[in-house]
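Please examine the model shown here.

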Amino acid sequence: MTEPVTAVVPLRDGSSGKSRLAAGLDAGARRRLVVALARHVLEALAASRSVARVVVVTADMPFAREVAARVGSPRPGRPSAVPTWPRPADLIAEPPGGPGLNAALEHARSHVGDGRLLMVHADLPLLTTDDVDAVAAEPADIVVATDRHGTGTNLLRVPAGAPFAFRFGPGSRTAHETEAAAHGLTCAVVQRPGTAADLDTLDDLAELAPASATRGL
Ligand SMILES: Nc1nc2c(ncn2[C@@H]2O[C@H](COP(=O)(O)OP(=O)(O)OP(=O)(O)O)[C@@H](O)[C@H]2O)c(=O)[nH]1
Ligand SMILES: C=C(OP(=O)(O)O)C(=O)O
């Protein structure tokens, strides 16, 4: 039996995110996409056996509440991913004017207790419960689920109390491996279709558009 994780989902505000799509999608379309992607990720986490608690850390509480309220509700023509919503996400406000993703995750870590944390980006349209359970079960101290290029980090599992600094950003896969080694922690790198496909660019959108979380947008 896998020791459960607390999933931590960083969610940027409702207007500035997905800026790399601005050349092809207007602000309203980007917002709808961010909502659909985040909803998909939160539903996958909620339905995963290995997730005990879901936390969203955000600078935009009204937006996060709007996203969380849609989780588990039926979509027209599609069965609900979570027929009975088992665990609503807890929302944590990051400090105003905070310097970005790593600081937001650090803030979330200081608010959740012991155990194992699983940081999960909110832009993974193919993420499944099996993916989440596989990352949770990986036998290592640190688990990096890298992106399709093998250079980034889409999910990161850490022991809550470990002296491990988050290094999300360009080259974060290597940075996280280096950080693990510096603290004598074992590190596994995983790459599965559902964990590797993050939607950042217009090319990603074209490729992933038929996926469940982005279909029809
Ligand atoms: N709470 C919080 N989450 C963030 C922040 N920056 C990015 N995120 C989240 O981190 C994850 C990865 O985001 P990125 O792909 O780096 O950024 P993005 O806003 O989605 O897209 P770009 O604007 O194109 O970089 C997504 O879940 C974002 O919502 C931040 O400053 N605070
Ligand atoms: C933040 C990261 O990725 P992206 O901005 O591409 O989502 C990362 O890979 O560490």
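Ser172 lies in helix H5; helices (H or I, at least four residues) and strands (E, at least two) are DSSP runs, numbered from the N terminus. The model is predicted: local features need pLDDT of at least 70, side-chain atom pairs count only at pLDDT 80 or more, and totals for chains, interfaces and linings use all residues. Residues are numbered from 1 along each chain as its sequence is written, while chains are lettered from A and ligands numbered from 1 in the order in which they are written.

Leaving aside residues up to four places away in sequence, Ser172 touches Gly152, Thr153 and Arg167; contact requires C-beta atoms, placed from the backbone, within 7 Å. Gly169 is found in the loop between strand S6 (153-159) and helix H5 (172-182).

| Residue | C-beta neighbours inside 10 Å | Class |
|---|---|---|
| Ser172 | 22 neighbours | buried |
| Gly169 | 12 neighbours | exposed |

An unreviewed UniProt entry annotates Thr153, Gly169 and Ser172 as "binding site". These residues span 20 residues in sequence, yet no two of their C-alpha atoms are more than 8.2 Å apart, so they gather at one spot. UniProt positions are given in the numbering used here, feature names are shortened, and annotations may be inferred rather than shown by experiment.

Around ligand 2 are Leu101, His121, Asp147, Gly152, Thr153, Phe168, Gly169, Ser172, Asp198 and Asp200, each with its C-beta atom, placed from the backbone, within 6 Å of the ligand. This shell has two nonpolar, five polar and three charged residues; Ala, Val, Leu, Ile, Met, Phe, Trp, Tyr, Cys and Pro count as nonpolar, Asp, Glu, Lys and Arg as charged, and the others, Gly among them, as polar. Ligand 1 is surrounded by 18 residues, the closest being Pro10, Gly17, Ser19, Arg20 and Ala122.

Seven strands form an open sheet of mixed pairing, in the order S3-S2-S1-S4-S6-S5-S7; two strands pair if DSSP finds at least two bridges between them. Strand S3 (90-93) and strand S7 (187-190) are the edge strands, each pairing on one side only. Strand S5 (residues 142-146) runs antiparallel to S6, joined by four bridges. Thr153 in S6 is the bridge partner of Thr146.

Definitions and conventions. A residue is buried if 20 or more other C-beta atoms lie within 10 Å of its own, exposed if 12 or fewer, and partly exposed in between; C-beta atoms are placed from the backbone. Two residues are in contact if their C-beta atoms, placed from the backbone, lie within 7 Å.
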